[in-house]
Amino acid sequence: MGEKKKARETTMDRVKWVVGLGFWVQGFRCFPWLGINFYLKDGLGVPASALQILQNSANLPMVAKPLYGLLSDAVAIRGQRRLPYVALGALLQAVSWLAIVLLPESMSITFLTLFLLLGNLGASIAEVANDAIVAEAGKQLQSPSMSGQLQSFALMSFASAGALGNLVGGFAINLVSPRTMFLLFALLLLLQFFTTVAVPESSLNLPKKAGNSSKSSSIRKQLSELKIALRKPEISCSIVWFSASYAMVPLLIGTMFFYQTQHLNLDPSVIGFSKVFGQAALMAWSVAYTKQFKKTPARKVLSMLQVTIVLLMVSDVLFVKGIYRDMGVSDSVYVVIFSGLLEALFQFKGLPFSVLMAQLCPAGCEGSVMAFLMSALALATIISGYLGVALAAFMGITGTDFSGLTVGILVQAACALLPLCWSSWIPDTGRPEKKEE
């Protein structure tokens, strides 16, 4: 028994190393994307609405995640179903960022968008494979007390990279060109590619697919299993609620970015510190969830998070009206703390929900279900961004006129409150499901 326990711990250490690297690199994507924001605003003179549209349009490859999940579940590459897709995703991202670096300064926004789409395609493939590894390896943990531990570890790896990326990026904006930031991230992706290729997937002790059916029949079988999983009300209703809690909120991300940098003239380092503070909070919440709240019903945790998001949005109204400034709280301090917390909360919502989905997901289609979830979330985020652009246009908010921003934020907060009306769609607890024949 002692040898088996030691072998299981060794395997889990390897899994954590692979998962930690994968999520860390994806978390560090904020480093080049911070450069993209300032490159578009200052280098290409893109207005706030166009900036937000481009940011959200570049996420379109994320919507096709179920396809990547089906391929990862059903089509093995040299006998491996996860790590080759992680490596492929890293390579595609490296190619896209290197292309942006090597193309002329006069590159059109159209070409820039195409390469950003290619980069996000690679990120999507890698994320699907990483999520599947977490879901599959998490089920190898026999002790209920360790439930959700791997998900928390993955989120902490992601958050730590996000904190470092935003911290370094906030200073790098003033020291080096955005293209240098893109080159550094491309080199990191190449390092991940060669490292991942060198790791045999057999050392992770992941579940293996039974049978020797053809790739086409494997995909059809996997699609059938995904349909069976999505017919379960506890899975489908939960995904609908989670996606709607993002999609129906018209986020004013581009508008707030211009308000903070153009209207308030905040230094780029302040924007970076804001994201660092948010990622630090994300890591702290991940630890707190693992230690204290993982046994709390998912419905209660997600409802509490949604209420907190609404309160922070209302706080933004007081910020725009200058009430905090009158109380002696500087704009920089508010942006670092409260804006960072709001952004982190939107990310943290995924932790308790992914733990719930991993518990509900039938064995054998973890990659497909988690990919479908991430696809729905990506589509919801895109819709939210487009609604934010429409709301800003309706309120007459531009890169120089922010008179309607207060009312726009109140509308945003009211929309964020609505999902609480049908929070009963979320199961109180998740129970592992056996795969249906």
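The axes of helix H12 (residues 268–293) and helix H15 (residues 331–348) come within 7 Å and cross at roughly 45°, an angle that makes H12 oblique to H15. The crossing of these two helices, H12 and H15, is right-handed. The residues that form the contact of H12 with H15 divide into 14 nonpolar, eight polar and two charged.

The structure described here is a predicted model, and its chain contains 18 helices and zero strands. Of the 437 residues in the chain, 54% are buried. Among the contacts in the chain with a separation of 6 or more, 89% are accounted for by residues 24 or more positions apart.

A second pair of helices is formed by H2 (residues 30–43) and H8 (residues 178–197), whose axes come within 9 Å and cross at roughly 160°. H2 and H8 are therefore roughly antiparallel to each other, and H2 passes H8 in a left-handed crossing. In the contact of H2 with H8, nine residues are nonpolar, one is polar and one is charged. Phe31, Pro32, Gly35, Ile36 and Tyr39 are the residues of H2 that take part, and they meet Pro178, Arg179, Met181, Phe182, Leu184 and Phe185 in H8.

Just after H2, glycine 45 adopts a positive phi of about 65°.

Helix H5 (residues 83–102) has 20 residues and reaches 29 Å from its first C-alpha to its last, close to the 28 Å expected at 1.5 Å a residue. Because 14 of the 20 residues of H5 are buried, this helix is largely enclosed by the rest of the structure.

Two individual residues illustrate contacts between parts of the chain that are separated in sequence. Isoleucine 409 is found in helix H18 (residues 405–417) and, at 1% relative accessibility, counts as buried. Leaving aside its neighbours within four places in sequence, isoleucine 409 is in contact with Leu252, Met256, Met313, Asp316, Val317 and Val320. One of these residues, methionine 256, is 153 residues apart from isoleucine 409 in sequence, and their C-alpha atoms are 10.0 Å apart in space.

Aspartate 316, another of the residues in contact with isoleucine 409, is found in helix H13 (residues 298–320) and is buried, with a relative accessible area of 7%. With its neighbours within four places in sequence left aside, aspartate 316 is in contact with Tyr334, Leu342 and Ile409. The C-alpha atoms of aspartate 316 and serine 339 are separated by 8.2 Å, and these two residues lie 23 residues apart along the chain.

Conventions
Residues numbered from 1 in each chain as written. Predicted model: local features only at pLDDT ≥ 70, side-chain atom pairs only at ≥ 80, totals over all residues. Heavy atoms only, no water. Helix = DSSP H or I, 4+ residues; strand = E, 2+ residues; numbered from the N terminus. Expected span 1.5 Å × (residues − 1). Buried < 20%, exposed > 50% of the residue type's maximum accessible area, 1.4 Å probe, protein only. Axes fitted to C-alpha atoms, helices over the stretch in contact; angles between N-to-C directions. Parallel < 35°, antiparallel > 145°, perpendicular 65-115°, else oblique. Left-handed = near helix turned anticlockwise from the far one by under 90°. Nonpolar A, V, L, I, M, F, W, Y, C, P; charged D, E, K, R; others polar. Contact = heavy atoms within 4.5 Å.
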